Amino acid sequence: MVGRVSKTHAYELGVTWTGNTGTGTSGYRDFERSHTISADGKPVIPGTADPAFRGVPERWNPEELLVASLSQCHMLWYLVLCARAGIVVTDYTDHPSGTMVENPDGGGQFSEVVLRPRARITDLQHRERALALHERAHELCFIANSVNFELRCEPEVLRT
């Protein structure tokens, strides 16, 4: 668009390790991976490592939060696009999954994330347009535009 100016948005939060069991990082098995994620005025998120890396299943790990961020961003754009297009969404769920590949040296990367959004709309005459808006949501998603792995979307649109 002509005349549009880029905007910069800043995100500040705190990540605090809470897993010192008394001897710090004196050995690989001598500390917990527990930590908290916080920001002013928001609930604290209990974090950990993936259980495969000595984390606990009851806390959120970075890999899960990355998959959740992709799903959230897609959903929020999709809902806005539907509202703008006059498509009334009454329910939306997603069951995303991600695949991470661990390298022999211990590092790794995600190879793909699959979003499986299911939207319910009031008028099925808009079904094809509602399905197509998932592609546009993907194009606009800030998080999707920031990753370097395959992100697939397998949407479903049903009547309310």
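An open sheet is formed by three strands in the order S5-S6-S8, with mixed pairing; strands here are DSSP E runs of at least two residues and helices are H or I runs of at least four, numbered from the N terminus, and two strands count as paired if DSSP finds at least two bridges between them. The model is predicted, so that local features need pLDDT of at least 70 and side-chain atom pairs count only at pLDDT 80 or more, whereas totals for chains, interfaces and linings use all residues. Residues are numbered from 1 along each chain as its sequence is written, and side-chain values use heavy atoms, with hydrogens and water left out.

Strands S5 (97–102) and S8 (150–153) stand at the edges of the sheet; each has a single partner strand, so one side of each lacks a neighbour in the sheet. On average, neighbouring strands are turned by 15 degrees against each other, direction ignored. S5 and strand S6 (residues 108–115) run antiparallel and are joined by six bridges; Val101 has Gln109 in S6 as its bridge partner.

Helix H1 (residues 62–85) lies across S5, S6 and S8, at about 35 degrees to S6 (axes are lines fitted to C-alpha atoms, for helices over the stretch in contact, with angles from 0 to 180 degrees between N-to-C directions).

The largest nonpolar core has 22 residues, and Leu70, Tyr78, Ile87, Val113, Ala130, Leu133 and Leu151 have the most contacts inside it. Such a core is a set of buried Ala, Val, Leu, Ile, Met, Phe, Trp, Tyr and Cys residues joined through side-chain atoms within 4.5 Å, buried meaning under 20% relative accessible area (1.4 Å probe, protein chains only). H1 provides the largest share, seven residues. Beyond its neighbours within four places in sequence, Ile87 is in contact (heavy atoms within 4.5 Å) with Cys82, Ile121, His126, Arg129, Ala130 and Leu133.

Key: Buried means under 20% relative accessible area, exposed over 50%, partly exposed in between (1.4 Å probe, protein chains only).
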